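Biologist: I am new to this model and would like to learn how to read its charged side chains. Please take me through them.

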Amino acid sequence: MNYKEDQKQLKTYRLSGMRLKALKMMKSGIRLSELKGLRLGLGTSLRTRISELRAMGYDIQDEFIKHGDVKFKEYFMAVA
């Protein structure tokens with residue numbers, strides 16, 4: 001298949017389990033970090049789930065947050 005340069009072929013993962021739970025949380029306005037995801041029952045591989053959701057075409061943003069000497073990344077979706 002030929003694709004234009006500005007179009008990406010989207011991956012086809014099943015939208016279930018931890019992917020679906022993380023997506024619902026972010027769509028409701030919750031910002032997720034690795035630690036927050038672990039506390040909310042999303043398991044230890046939030047970065048992988050975020051990567052898979054992005055590959056499926058979801059517009060998930062991220063931002064580095066600094067809390068004292070600790071710096072971590074939070075993932076979120078723009079809520080309209």
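Biologist: How many salt bridges are there?

Modeller: Side chains of opposite charge can pair when their charged atoms come close. A salt bridge here is a side-chain nitrogen of Lys or Arg within 4 Å of a carboxyl oxygen of Asp or Glu. By this rule there are 7 salt bridges. The model is predicted: local features need pLDDT of at least 70, side-chain atom pairs count only at pLDDT 80 or more, and totals for chains, interfaces and linings use all residues. Residues are numbered from 1 along each chain as its sequence is written, and side-chain values use heavy atoms, without hydrogens and water.

Biologist: Which residue forms a salt bridge with Glu-63?

Modeller: Arg-31 does, at 2.4 Å from N to O. Glu-63 is in strand 1 (residues 61-67), while Arg-31 is in the loop between helix 1 (17-27) and helix 2 (34-39), 32 residues apart. Helices (H or I, at least four residues) and strands (E, at least two) are DSSP runs, numbered from the N terminus.

Biologist: Is Arg-47 buried or exposed?

Modeller: Buried means under 20% relative accessible area, exposed over 50%, and partly exposed in between (1.4 Å probe, protein chains only). Arg-47 has 56%, so the residue counts as exposed. Its salt-bridge partner is Glu-34, with the closest N and O atoms 3.4 Å apart.

Biologist: Which ring does Arg-31 lie over?

Modeller: A charge sits over a ring if NZ of Lys or CZ of Arg is within 6 Å of the ring centre and within 35 degrees of the ring normal. Arg-31 lies over the face of Phe-76, 4.1 Å from the ring centre.
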